[in-house]
Amino acid sequence: MDISTIFFTIVSVVAVVSALLVVTCKNPINSALSLILTFFCLATFYAMLEAPFMAAIQVIVYAGAIMVLIVFTIMLLNIRADANKKSFHNVPLGIVVGIITLLTAGSFLARGKVSDLPGQITPNIIHQVGHTELIGAVMFTEFILPFEITSILLLAAIVGAVILAKRNLS
Amino acid sequence: MDNLSNYLILSAVLFSIGTIGVLVRRNIIVMFMCIELMLNAVNLTFVALSRHLGNLDGQVFVFFIMTVAAAEAAVGLAMFIAFFNNRESIDADDASLMKW
C-alpha cells in the first residue's frame, strides 16, 4: 500500500464518521460542526485530485460562508435541546430508503464502465499553467452564458431572502 | 481506475447518509445540512470524474453547484426564520397543513 492510499483511507473514514455524526447528533450545533469537518475532508480530496482551486473555494464558500450562515441561524433561533422531545422520526423506513439508494448506486458502479479516453488536461499541464487559470479560461469562454445567468440567480436569492426574513409583509 | 472507483464509492456512501438524514431528522435545519451533504457528495463525483477524464467541465459544474448552494442557503435560512416566527418551532412535523 502506498502512502496516498493510506491517506485516502484515513480521510475517507473521517469523512464518513463525521457525516454519520451530522445525522445522529441531537444538538444542531454539533451537527453543524461535524458537517464542517466533512467539508474539510472533501477539500482534502479535491486537493488530492489535482484541483487546488476547488479545494480553496470548498473551504471558503462551504466551510466558511454557508456554514457560518447556518450556525448563525441556529444561534439566532436559540433552539433549546429539549430532552423529552423526539428528534427523529421514521427511522426504519429512512434507513431502508438510504440502503436502497446505496445499493442502486453500487449496482451502477459495478455494472457501468467509465470510459478511459485520455483528456487534454493532464496533471503536467495543471502544474505548468495553474489550475485557476485553466478553470477561468473554460468558464469565461465556453460557459459564459451560465456564468451570467448565475448572477441573476444570486440577485433573485438576495431579494427573496430579504423579503422572506421581514417579520410582517405589509 | 481503481482510485476513481474508491472516490465514487465514498461519494455514494456520503449521498446515502445524507438521504437517511433528510428522511429521519425532524429539525429542518439539520435536514437542510443533510441536503448540503448530498450536494457535496455529488460534487466529489464531478471532481473525481473530471480528473479521470482530463476535462475541466466537471469542475466548472461544481463551481455552479456551489453558487446555487449559496443562494439556496440564503433563501432556505430566511424561510426557516419566517417559519419559526409563525410557529415558534423548527420541527418539520409542525408544517403539516398540506399533509394528506
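Me: How much area do domain 1 of chain A and domain 2 of chain A bury between them?

Reply: Buried area is the accessible area (1.4 Å probe) that two parts lose on being put together, summed over both. Here, domain 1 and domain 2 of chain A bury about 420 Å², with 71% of that on carbon and sulfur atoms. Keep in mind that this is a predicted model: local features need pLDDT of at least 70, side-chain atom pairs count only at pLDDT 80 or more, and totals for chains, interfaces and linings use all residues. Side-chain values use heavy atoms, without hydrogens and water, residues are numbered from 1 along each chain as written, and chains are lettered from A and ligands numbered from 1 in the order written.

Me: Where do the two domains of chain A run?

Reply: Domain 1 covers 1–81 and domain 2 covers 124–170 of chain A, with bounds from an automatic or database domain assignment. Each domain puts 5 residues into the contact (heavy atoms within 4.5 Å). Over C-alpha atoms, the centres of these two domains of chain A are 22 Å apart.

Me: And how do I read a pair of aromatic rings?

Reply: You look at the distance of the centres and the angle of the planes. Rings of Phe, Tyr and Trp (its six-membered ring) pair if their centres lie within 6.5 Å; planes under 30 degrees apart are stacked, over 60 edge-to-face, the rest tilted. The whole structure has 10 such pairs over all chains. Phe53(A) and Phe63(B) are stacked because their ring centres are 6.5 Å apart and their planes are at 20°.

Me: Which pair is edge-to-face, with 75° between the planes?

Reply: That's Phe140(A) with Phe147(A), at 4.9 Å centre to centre.
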